[in-house]
Amino acid sequence: MGRFLYIFNAFYPVNPGETFLANEIEYFRGFDKIFIFPLFADDGKKKFDYKSSIQKNIEIVRIGEYSNKNKIESILKAGVQRELYREYLALIKSQRANWHNIKKATKFVAHCIFFADVICKHVEKNIKSDDDVILYSYWMNHDAYVASIVKNRMNNKPFMLTRGHRVDIYEYADENYIPMRNAIIDKSDLLCPISDDGKKYLMDSYNVSEKKILVQRLGTVDHGTNISVKGNVFQIVSCSWMRKVKRLDMLIDALSMADFPIEWTHYGDGEEFEYITKKANDIKSDYVNFRFMGSTPNEKVLEALKTQHFDAFINVSSSEGIPVSIMEAMSFGKPIIATDVGGSREIVYNGVNGYLLRADCDAVDVFEAIKKLYSLDAGNYEHMSQESRTIWERLCCGENNYKTFCNILMDK
């Protein structure tokens with residue numbers, strides 16, 4: 001009898017991304033073998049060297065191309081699945097049965113059937129009927145539904161655990177519809193959202209029993225602290241994709257009100273890069289400078305937070321899970337200015353380690369928070385910085401959080 005862990009995720013470790021999974025996997029112990037299925041990994045994208053950083057008992061299993069032939073076969077298979085018709089009925093009952101959602105659900109199920117067919121062949125070759133198997137889905141969407149299909153086909157009915165983040169929990173973050181949500185919840189033995197807010201959403205929206213949910217926070221690596229003493233120019237830093245949900249245009253409007261020297265450094269690019277940089281350059285102010293660093297590897301951002309002078313980290317997004325970037329900034333002892341969305345309030349305490357703005361804040365609110373932080377005397381500023389680090393140690397330390405999570409896996 002063997003003990004095996006099947007991990008379903010989008011890209012790790014073939015393509016960059018999912019750094020939290022890369023961090024936590026270092027703590028997985030007690031399995032004879034761990035199989036990782038990066039469902040959407042693309043050979044054409046930039047790869048990174050993962051072989052030197054993961055355990056020897058880990059095997060990466062590639063799914064293969066979702067060709068036109070495979071698509072047709074999978075759609076035909078989806079067409080005879082009762083679960084899909086139950087999903088159509090649920091759409092009708094919730095008054096969301098439009099062509100877009102029906103097509104989205106059908107494509108979703110077909111694609112997941114293709115994934116599951118490949119994985120089940122792997123199971124047949126590698127797993128015996130008396131083996132102990134855990135199915136771990138990193139996301140509560142495609143990954144989880146694939147895991148549910150695999151579980152349903154396996155005779156020994158493995159334990160299924162599903163993480164949940166932001167876009168895979170909150171339907172409003174994904175066109176107000178995530179296919180097969182009820183099927184995923186029903187088949188999962190344990191749901192592990194990364195925030196209390198995610199837990200509440202699942203309970204309120206899908207009537208999930210609290211006994212089936214266990215909040216398991218993500219965490220970041222400890223790179224030491226870099227608590228600054230405020231200089232003559234107030235240095236603000238942010239890190240995110242440049243897209244509408246991040247409301248970087250509102251942050252620029254806030255900074256345009258400055259009556260004291262500010263420099264804003266932003267790491268990240270995206271579809272709004274040209275719009276944001278142009279808006280910033282159009283500001284005529286003697287007080288504000290902007291630095292747009294573009295796409296930057298995470299290790300470079302971390303190095304900047306560790307070695308450069310930044311007085312505050314800011315995130316004015318209209319939707320979040322619990323932002324990675326905020327956790328990383330807190331680990332270095334940076335005060336935070338953030339909007340009260342998703343689980344941000346669970347790590348940003350207003351007036352303690354920064355300032356928490358209401359979700360529908362405007363540019364005036366943002367600037368007032370910046371000015372309030374700038375106006376702190378040296379003692380109160382240092383105390384706020386220390387609190388940021390202290391809260392990170394208690395809630396966001398990757399080593400602590402991942403050890404706890406891996407112990408849960410081992411106990412199943």
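1. The expected span of a helix is 1.5 Å times one less than its number of residues. Helices (H or I, at least four residues) and strands (E, at least two) are DSSP runs, numbered from the N terminus. This is a predicted model: local features need pLDDT of at least 70, side-chain atom pairs count only at pLDDT 80 or more, and totals for chains, interfaces and linings use all residues. Residues are numbered from 1 along each chain as its sequence is written, and side-chain values use heavy atoms, with hydrogens and water left out.

2. Helix α13 covers residues 378–395. Its 18 residues should span 26 Å, and the end C-alpha atoms are 26 Å apart, which agrees.

3. Buried (under 20% relative accessible area, 1.4 Å probe, protein chains only) applies to several residues of α13, among them Tyr381, Met384, Arg389 and Trp392. Seen down the axis, the buried residues fall within an arc of 160° (directions from the helix axis to the C-beta atoms), so they line one face of the helix. Their cover (contact: heavy atoms within 4.5 Å) includes α11, β11, β12, α12 and α14.

4. Strand β7 spans residues 234–239. Of its 6 residues, 5 are buried, so the strand is largely enclosed by the rest of the structure.

5. Strands pair if DSSP finds at least two bridges between them. β7 runs parallel to β8 (262–267), joined by 6 bridges. Gln235 has Glu263 of β8 as its bridge partner. The chain passes from β7 through helix α8 (248–255) to β8 in a right-handed β-α-β crossover (clockwise from the first strand over the helix to the second, with the strands pointing away from the viewer).

6. β7 also runs parallel to β10 (312–315), with 2 bridges. Here Val237 stands opposite Phe313.

Conventions: Buried means under 20% relative accessible area, exposed over 50%, partly exposed in between (1.4 Å probe, protein chains only).
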